[in-house]
Amino acid sequence: MTFDITKRDMWDWVITAPEDVPETWADNGYAINPADPGSYLFFEDGRPFVKPCPAGMVFNPITEAGPVADWPADSTEADIYAWAVAKGFVRDQR
């Protein structure tokens with residue numbers, strides 16, 4: 001199977017279980033969920049809680065407004081991938 005940068009389930013995540021994601025991954029209390037692009041993690045008292053995005057949307061951690069649920073056509077997965085690699089969340093497969 002060929003690597004497809006637009007498919008987050010193909011990314012080589014350093015941590016794959018949402019409950020193991022450290023709070024240091026969070027920006028403003030929100031973090032990317034390595035297990036599901038259609039949800040995100042919200043941290044409360046240092047613990048991550050999985051929150052769903054609205055139907056059909058994905059979590060986009062790199063907008064100018066901050067982390068948001070975004071339409072897949074509007075989010076740039078290659079940019080999100082580069083961000084995730086730079087943060088150390090994903091091992092680079094390019």
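The legends below describe close-up views of a predicted model. In this predicted model, local features require pLDDT of at least 70 and side-chain atom pairs count only at pLDDT 80 or more, whereas totals for chains, interfaces and linings use all residues. Residues are numbered from 1 along each chain as its sequence is written, and side-chain values use heavy atoms, with hydrogens and water left out.

**View 1. The open sheet S2-S3-S4.** Three strands form an open sheet in the order S2-S3-S4, with antiparallel pairing. Strand S2 (30–32) and S4 are the edge strands, each with a single partner strand, so one side of each has no neighbour in the sheet. From one strand to the next, the twist averages 35°; axes are lines fitted to C-alpha atoms, and angles run from 0 to 180 degrees between N-to-C directions. Strands (E, at least two residues) and helices (H or I, at least four residues) are DSSP runs numbered from the N terminus, and two strands pair if DSSP finds at least two bridges between them. Strands of a sheet pair through backbone hydrogen bonds, either parallel or antiparallel.

**View 2. The pairing of S2 with S3.** These strands pair in the antiparallel sense over 3 bridges. Tyr30 stands opposite Phe42 in S3.

**View 3. The hairpin of S3 and S4.** Strand S3 (residues 39–44) and strand S4 (residues 47–52) pair in the antiparallel sense over 6 bridges. Glu44 is placed opposite Arg47 in S4. The hairpin has 2 residues between its strands, and Asp45 in the turn has a positive phi of about 55°.

**View 4. The salt bridge between Arg91 and Asp12.** The structure holds 4 salt bridges, each defined as a side-chain nitrogen of Lys or Arg within 4 Å of a carboxyl oxygen of Asp or Glu. In one of them, the side chains of Arg91 and Asp12 meet at 3.1 Å, N to O. Arg91 lies in strand S7 (residues 90–91) and Asp12 in strand S1 (residues 12–13), so the pair ties together parts 79 residues apart in sequence. Arg91 is partly exposed, with a relative accessible area of 41%, and Asp12 is partly exposed at 30% (buried means under 20%, exposed over 50%, partly exposed in between; 1.4 Å probe, protein chains only).

**View 5. The salt bridge between Asp27 and Lys87.** The side chains of Asp27 and Lys87 meet at 3.6 Å, N to O. This pair links distant parts of the chain, 60 residues apart: Asp27 belongs to the loop between S1 and S2, and Lys87 to helix H1 (residues 77–87). Asp27 is partly exposed at 25% relative accessible area, and Lys87 is partly exposed at 40%.
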